[in-house]
Amino acid sequence: MSKFGLYTKNSNETSGHINIVEMPTKTQAEAYFAGVKNLSLQQLQDLFIIKEIDNSNKVLMYGNR
């Protein structure tokens with residue numbers, strides 16, 4: 001499964017992280033976030049950005065092993 005993040009979409013501010021979910025596909029993540037926000041898919045896409053989050057488990061403290 002992949003991790004997907006919900007971010008604000010506004011040109012007046014930097015894109016702010018709101019929520020993370022683990023889902024098999026981006027489409028399922030979009031449906032989940034639309035349900036959580038009580039929005040249609042079109043409204044969700046107009047207001048927010050959904051991006052896949054890199055799932056690497058690199059830890060700087062241990063020298064990125």
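**Exercise 1. Find which strands helix H1 lies across, and at what angle to E2 it runs.**

Step 1: Pick out the pieces. Helices (H or I, at least four residues) and strands (E, at least two) are DSSP runs, numbered from the N terminus. Helix H1 covers residues 26-37.

Step 2: H1 lies across E1, E2 and E3.

Step 3: Read off the angle. H1 runs at about 130° to E2. Axes here are lines fitted to C-alpha atoms, for helices over the stretch in contact, and angles run from 0 to 180 degrees between N-to-C directions.

Before you go on, two bits of housekeeping. Residues are numbered from 1 along each chain as its sequence is written, and side-chain values use heavy atoms, with hydrogens and water left out. You're looking at a predicted model, so local features need pLDDT of at least 70 and side-chain atom pairs count only at pLDDT 80 or more, while totals for chains, interfaces and linings use all residues.

**Exercise 2. Work out the order of the strands in the sheet.**

Step 1: List the elements. The protein has 2 helices and 3 strands, and from the N terminus on they run β-β-α-α-β.

Step 2: Look for pairs; two strands pair if DSSP finds at least two bridges between them. E1 (residues 2-8) is joined to E2 (residues 17-23) by 6 bridges, and the two run antiparallel. On this side, Leu-6 stands opposite Asn-19 in E2.

Step 3: Check E3 (residues 48-53), which pairs with E1 over 6 bridges, again in the antiparallel sense. Here Lys-3 stands opposite Ile-53, and Gly-5 stands opposite Lys-51.

Step 4: You get an open sheet of 3 strands in the order E2-E1-E3. E2 and E3 are the edge strands, each pairing on one side only. From one strand to the next, the twist averages 25°.

**Exercise 3. Decide whether Ser-2 is buried or exposed, and find what it touches.**

Step 1: Buried means under 20% relative accessible area, exposed over 50%, and partly exposed in between (1.4 Å probe, protein chains only).

Step 2: Apply them. Ser-2 has a relative accessible area of 18%, so Ser-2 is buried. Ser-2 lies in strand E1, where 6 of the 7 residues are buried.

Step 3: Find the neighbours. Leaving out residues up to four places away in sequence, Ser-2 touches Val-21, Glu-22, Met-23 and Glu-52. Its side chain makes a polar contact with the side chain of Glu-52 at 3.0 Å. A polar contact is a pair of N or O atoms within 3.5 Å; within protein, one must be able to donate a hydrogen and the other to accept it, and residues adjacent in sequence count only if both atoms are side-chain atoms.

Note on methods
Contact means heavy atoms within 4.5 Å.
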